[in-house]
Amino acid sequence: MANLLFDILMRSIRNFILDLIPEKVRKPVGWVLLIFGAVAILWGMYADADGLTYTGILNLIALFVGIFSTVWGLILLTHRVTE
């Protein structure tokens, strides 16, 4: 029962966020998010972790931001309007 409620809540939040972005803008925003996510993931994976104290933490943050951005870019690119 809790999983069903959680799924309904997450789907409604996703649809609310998608409704905030106009249809004509979704595809370019999706591509920008996808490219930004790929660059952030690559930077997080291949940036030099020597020298600075917090570089390892920044690499981890860049990976998470890149994954989040890539997922939202794919959601925006594949979303179909059902009206």
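This is a short walk through a predicted model, from its overall layout down to single residues.

Start with the whole chain. It holds three helices and zero strands. Read from the N terminus, the elements run α-α-α. The chain has 83 residues, and 19% of them count as buried. Its accessible surface comes to about 6,600 Å². Carbon and sulfur atoms account for 72% of that surface. Now take the contacts in the chain with a separation of 6 or more. Residues 24 or more positions apart supply 70% of them.

Helix α1 comes next. It covers residues 2-20, and Phe-6 sits in it. Phe-6 has a relative accessible area of 48%.

Move on to helix α2, residues 23-46. This helix has 24 residues. From its first C-alpha to its last, α2 reaches 35 Å. That is close to the 34 Å expected at 1.5 Å a residue. Which residues of α2 are buried? They are Arg-26, Gly-30, Leu-34, Gly-37, Ala-40 and Gly-44. Three of these names, Gly-30, Leu-34 and Gly-37, come up again below.

Helix α3 spans residues 55-78. Look at Thr-70, which is in this helix. Is Thr-70 buried or exposed? Its relative accessibility is 19%, so Thr-70 counts as buried, the cut-off being under 20%. What does Thr-70 touch, leaving aside its neighbours within four places in sequence? The contacts are Leu-33, Leu-34, Gly-37, Ala-38 and Ile-41. Among the residues of α2 that are buried are Leu-34 and Gly-37.

Thr-78 is in helix α3 too. Its relative accessibility is 54%. Exposed means over 50%, so Thr-78 counts as exposed. The side chain of Thr-78 has a polar atom 2.7 Å from the backbone oxygen of Leu-74. Thr-78 can also be placed relative to α2. In sequence, Thr-78 and Gly-30 are 48 residues apart. In space, their C-alpha atoms are 9.0 Å apart. Gly-30 is one of the buried residues of α2, whereas Thr-78 is exposed.

Key: Residues numbered from 1 in each chain as written. Predicted model: local features only at pLDDT ≥ 70, side-chain atom pairs only at ≥ 80, totals over all residues. Heavy atoms only, no water. Helix = DSSP H or I, 4+ residues; strand = E, 2+ residues; numbered from the N terminus. Buried < 20%, exposed > 50% of the residue type's maximum accessible area, 1.4 Å probe, protein only. Expected span 1.5 Å × (residues − 1). Polar contact = N/O pair within 3.5 Å; in protein donor to acceptor, adjacent residues only side chain to side chain. Contact = heavy atoms within 4.5 Å. Areas by Shrake-Rupley, 256 points an atom, 1.4 Å probe, with all protein chains shown as cover.
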